[in-house]
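Trainee: I've got this model open on my screen. Can you walk me through it?

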Amino acid sequence: MNDTSQLPPFPDRLSIDPSSPYFNAAIFEHDVGIRFNDKERNDVDEYCISEGWIKVAAGKALDRKGKPLLLKVKGKVEPFYR
């Protein structure tokens, strides 16, 4: 299994977008998973534990900068290392 003593702790808010202020490269060096409402999700772009939401892509729709449009979904968020 993983040795959790060497893994960095999860921040309250994390994004996979490198241009976001909530991006943390040290965490993405490891395999990260998100449990949302007790189900594992593989399509999460950003999360906030304290506010209880995740952001996921809204289909194939893109904004004017070419990034996917994101929907905010509320629920119980649990990040974990695989």
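Trainee: Strand 4 and strand 5 form a hairpin, so to speak; which residue in the turn has a positive phi?

Mentor: First, a caveat: this is a predicted model, where local features need pLDDT of at least 70 and side-chain atom pairs count only at pLDDT 80 or more, while totals for chains, interfaces and linings use all residues. Residues are numbered from 1 along each chain as its sequence is written, and side-chain values use heavy atoms, leaving out hydrogens and water. Strands here are DSSP runs of E, at least two residues, numbered from the N terminus, and two of them pair if DSSP finds at least two bridges between them. Strands 4 and 5 are antiparallel over 4 bridges, with 4 residues between them, and the turn residue with a phi of about 70° is Gly 52.

Trainee: How many residues of strand 4 are buried?

Mentor: Buried means under 20% relative accessible area with a 1.4 Å probe, protein chains only. Strand 4 is mostly covered, and the count is 5 of its 5 residues.

Trainee: Asp 45 is buried, so to speak; what is the nearest side chain of opposite charge?

Mentor: Asp 45 sits in strand 4. Asp counts as negative, Lys and Arg as positive, and a salt bridge needs a Lys or Arg side-chain nitrogen within 4 Å of an Asp or Glu carboxyl oxygen. Asp 45 has no salt bridge, and at 9.4 Å the nearest opposite charge is Lys 55.

Key: Buried < 20%, exposed > 50% of the residue type's maximum accessible area, 1.4 Å probe, protein only.
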